[in-house]
Amino acid sequence: ARLRRELEAQQDDAEGRLRDCTAPACWEQAIPCSLACTAGYYCAPVRPRSLMYRHIPCPRHTTSPRNSYDDTKCRAVAGFYGEPGDEATECPPDHYCEGGGVAPTPCPPGA
């Protein structure tokens, strides 16, 4: 019962901070992930087995779905390619990159 009260108090505090959040610095606060982890961020535990998470932006030129729980959900945006969780690289000339891919696709001949 004590642990439950502590968790409820932490969640109430986090919800209050979330309502007051108007700046990007908010996403670096430790709050329950399901409350605020938006697309383009992933959640990582503050420490092992913690119920509190940090909201970390995806690497450059990548994005993630809402409430992603690890960096491998960060995938390259259109016009870029790369391994999930890594900074994406710009698509080279004569190739196309639809987004989410790990390698550029050559354009068809004559395109």
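Predicted model: local features only at pLDDT ≥ 70, side-chain atom pairs only at ≥ 80, totals over all residues.
Let me start with a term: strands here are DSSP runs of E with at least two residues, and helices are DSSP runs of H or I with at least four residues, both numbered from the N terminus. By that rule, Pro106 belongs to strand S8, residues 105-106. I'll come back to Pro106 at the end.

Residues are numbered from 1 along each chain as its sequence is written, and side-chain values use heavy atoms, with hydrogens and water left out.

So, what does the protein chain look like overall? The protein chain has two helices and eight strands, and along the sequence they come in the order α-α-β-β-β-β-β-β-β-β. Of its 111 residues, 27% are buried. Buried means under 20% relative accessible area, exposed means over 50%, and partly exposed is in between, with a 1.4 Å probe and protein chains only. The accessible surface is about 7400 Å², and carbon and sulfur atoms own 52% of that. Those areas come from the Shrake-Rupley method with a 1.4 Å probe, and for residues only the protein chains shown count as cover.

One more overall number concerns contacts, meaning heavy atoms within 4.5 Å. If you take contacts between residues at least 6 apart in sequence, 29% of them join residues at least 24 apart.

Now please look at strand S1, residues 41-45. Four of its five residues are buried, so this strand is mostly covered. S1 runs antiparallel to S2, and five bridges join the two; strands count as paired if DSSP finds at least two bridges between them.

Ser64 lies in the loop between S3 and S4, and its side chain reaches the backbone oxygen of Tyr41 at 2.7 Å. That is a polar contact, which is a pair of N or O atoms within 3.5 Å; within protein, one must be able to donate a hydrogen and the other to accept it, and residues adjacent in sequence count only if both atoms are side-chain atoms. Ser64 is buried, at 5% relative accessibility. Setting aside neighbours within four places in sequence, Ser64 has contacts that include Thr38, Lys73, Cys58 and Cys74.

The loop between S3 and S4 also holds Ser68. Its side chain reaches the backbone oxygen of Pro65 at 2.7 Å, and Ser68 is buried too, at 4% relative accessibility.

Next, the cysteines. How many disulfides does a search of the whole structure find? There are two, where a disulfide is a pair of cysteine sulfur atoms within 2.5 Å. One joins Cys58 and Cys74, with the sulfur atoms 2.1 Å apart. That pair links distant parts of the chain: Cys58 is in the loop between S2 and S3, Cys74 is in the loop between S3 and S4, and they are 16 residues apart. Both Cys58 and Cys74 are buried. The torsion about their S-S bond is about -70 degrees, so this disulfide is left-handed.

The other disulfide joins Cys91 to Cys97, S to S 2.2 Å. Here the torsion is about 80 degrees, so the disulfide is right-handed. Cys91 and Cys97 are both buried. Cys107 is in no disulfide, and the nearest cysteine sulfur, that of Cys91, is 7.5 Å away. Cys107 is partly exposed, at 31% relative accessible area.

On to charge. Side chains of opposite charge can pair when their charged atoms come close. The structure holds one salt bridge, that is, a side-chain nitrogen of Lys or Arg within 4 Å of a carboxyl oxygen of Asp or Glu. Which side chains meet there? They are Glu87 and Arg60, at 3.5 Å, N to O. The two are 27 residues apart, with Glu87 in the loop between S5 (80-81) and S6 (89-90), and Arg60 in the loop between S2 (53-57) and S3 (62-63). Glu87 is partly exposed at 48% relative accessibility, whereas Arg60 is exposed at 54%.

Finally, back to Pro106. Is Pro106 buried or exposed? Pro106 is exposed, at 53% relative accessibility. His95 is 11 residues from Pro106 in sequence, yet their C-alpha atoms are 4.2 Å apart in space. Leaving aside neighbours within four places in sequence, Pro106 is in contact with Asp94, His95 and Tyr96.
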